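The sequence and structure come first.

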Amino acid sequence: MLRLLNIEYLKLRYSRSARILIITYFILITFIALIASIEFNIGQIEFRVADQGIFNFPYIWHFNSYIAALLKLFLAIVIVSMMSNEYSNRTIKQNLIDGMSKKEFILSKFITVLVFAGISTLFLFIVSLILGYSFSDFTEFSIVTSDLEYLLAYFVKLTGFFAFCMFLGILVKRSAFALGFLVVWYIFENILHAILKFKIFKGTDTASDIMQFFPLQAISNLIVEPFSRLNAVQAAATQIGEALDKDYGIHWYQLLIVIAWIAIFVYLSLALLKKRDL
Amino acid sequence: METILSLNNLTKRFGKLTAVDDLSFSIEKGNVYGILGPNGSGKSTTLGMVLNVVNKTSGEFRWFDGGLSTHEALKKVGAIIEHPNFYPYMTAVQNLALVCKIKGTDEKKIHEKLEIVGLLDRKDSKFSTFSLGMKQRLAIASALLNDPEILILDEPTNGLDPQGIHQIRVIIRNIAAGGTTILLASHLLDEVEKVCSHVVIIRKGKKLYSGPVDEIVSSHGFFEVKAPDMEKLQRLLKDHPKIGKINFTEGLITAFLTEPMNAEEINSYLFEKGLSLSYLIKRKESLEEQFLQLTNQISQN
């Protein structure tokens, strides 16, 4: 395990573009703190985002994991290119000839994916903790530690997305095309969703029930947007007479769907590598 | 003798095309083998299969005594294939360190191996800045890192300039002199002739011959002779029991032997019959001639 991680570390460490993207990614996560300083005036009312309770425990776990997850594309680029560069430099061939098994090759990449997701989660935990203790109205231990399942969901969400990227990197072999394929797939899922929702299963929940099994939709379902949960938004909605009773929780079956996709992507990557002549 | 690699009816099909057809041979420790064949004859595909990058269609191959999985066995093998493949953004030393990690060997060897291939002064340059010759030499250094039981080289001099070719050949010969088993795939006859003791000749994926280089054709060589009276010479040669076919071209008679005979014997035979030669030379076919003869025989059948 450690040997494989070490091999992958060497490969990434000397690649300047990978280094820049990874550093940028982590710096951007810390920039969530900057949201606190956003201020604007609506007429006479002075509006400070930090005062809206976004950094209150336990809501901060939800808010930060949602925002931080938006940045995952940076690491996705690193992962796609670390897969496809092995093809374009033909180093994958050399790795195998030097005595790596195909299983070890995929495993080394997947361990890297897990490490990326793990470090991101740890990093997010620390940043949120610091932000929370600086701005939160409540800092009792029991409140701080509640809703931590958002971090678990964040971890699974990143792993799922990265595993998808890993598979695309192997499938398409060219990083630009693999990222393009990702976008195409995203559009495909959305169009399919729209067709199901507005044409085939009009007026029922069937469309969402089906779509939750598609990889990107499943990944996105894990953490629901946190904005409408804010007091200010809730209050505004009540005034208009619109009741917002959205389900913001993390559900085990949603986690399970994504975990199943992770297994499928890893298995498919290996199967593809085994089947191909290099 | 210890067998390092044995192939048994190994076959590879790409759709309708059979790239490697029922190929069997084995590699014994301590010899230098050449796999010889025209371009597209299936040399690289054969090596690809035993090196775990091309899936075989049928048949089998066995590394060492067959007790290891292919990828474990490959850790005891050093191989380079057609193009040197390394991470372009890493330096020579960094690339070799990575190979050490994969093979599970000590990184102390890096310095020594870079010295063998003469790349020490460029050890901290990025791979992308290397010339093709340097890349190829780095690949050889990388293949040597684990002090392999066998070194596999696929067209090691392909695309190099004469100087580069010379450098690579000197390196290969030095390695061979050190007792390492070598398997060299090439379409260049003189390369195989200069370096190898044994040869496997394949054409369209089929094995034509395998064995020592000097026994390729069961021929006893031939004489090239000239005499002032060519007609008499031709007649006398025809009567000799050990001589078979006779060719007469450009004022030179080529007489092929059916049994071993040395130059003194033919000389004194002709002298007794009252003919003195102005030119006599005994030759064996060069590998090139033998190779062409062999490939032609098969295509005529």
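## Helix pair

α4(A) passes α9(A) in a right-handed crossing (left-handed if the near helix is turned anticlockwise from the far one by less than a right angle, right-handed if clockwise). This is a predicted model, in which local features need pLDDT of at least 70 and side-chain atom pairs count only at pLDDT 80 or more, while totals for chains, interfaces and linings use all residues. Residues are numbered from 1 along each chain as its sequence is written, and chains are lettered from A and ligands numbered from 1 in the order in which they are written.

Helix α4 covers residues 72–88 of chain A and helix α9 residues 175–200; their axes come within 8 Å and cross at roughly 135°. Axes are lines fitted to C-alpha atoms, for helices over the stretch in contact, with angles from 0 to 180 degrees between N-to-C directions. α4(A) and α9(A) are therefore oblique to each other; angles under 35 degrees count as roughly parallel, over 145 as roughly antiparallel, 65 to 115 as roughly perpendicular and the rest as oblique. On α4(A), Ile77(A), Val80(A), Ser81(A), Ser84(A) and Asn85(A) meet Ser175(A), Ala178(A) and Leu179(A) of α9(A) (contact: C-beta atoms, placed from the backbone, within 7 Å). By class, this contact has four nonpolar, four polar and no charged residues. Ala, Val, Leu, Ile, Met, Phe, Trp, Tyr, Cys and Pro count as nonpolar, Asp, Glu, Lys and Arg as charged, and the others, Gly among them, as polar.

## Chain A overall

Chain A has 13 helices and two strands, taken as DSSP runs numbered from the N terminus (helices H or I, at least four residues; strands E, at least two). Its C-alpha trace spans about 70 × 50 × 35 Å along the principal axes. Among contacts in chain A with a separation of 6 or more, 82% join residues 24 or more positions apart.

## Contact with chain B

Chain A contributes 22 residues to the contact and chain B 24. On the chain A side, α1 (2–13) and α5 (91–97) are the elements that give two or more residues. α5(A) gives the most, with six residues. The residues on this side divide into seven nonpolar, eight polar and seven charged.

## Hairpin

Strands β1 (residues 39–42) and β2 (residues 45–48) of chain A pair in the antiparallel sense over four bridges; pairing requires at least two DSSP bridges. Glu39(A) has Arg48(A) in β2(A) as its bridge partner. Two residues lie between the strands, and Gly43(A) in this hairpin takes a positive phi near 60°.

Terms used
Two residues are in contact if their C-beta atoms, placed from the backbone, lie within 7 Å.
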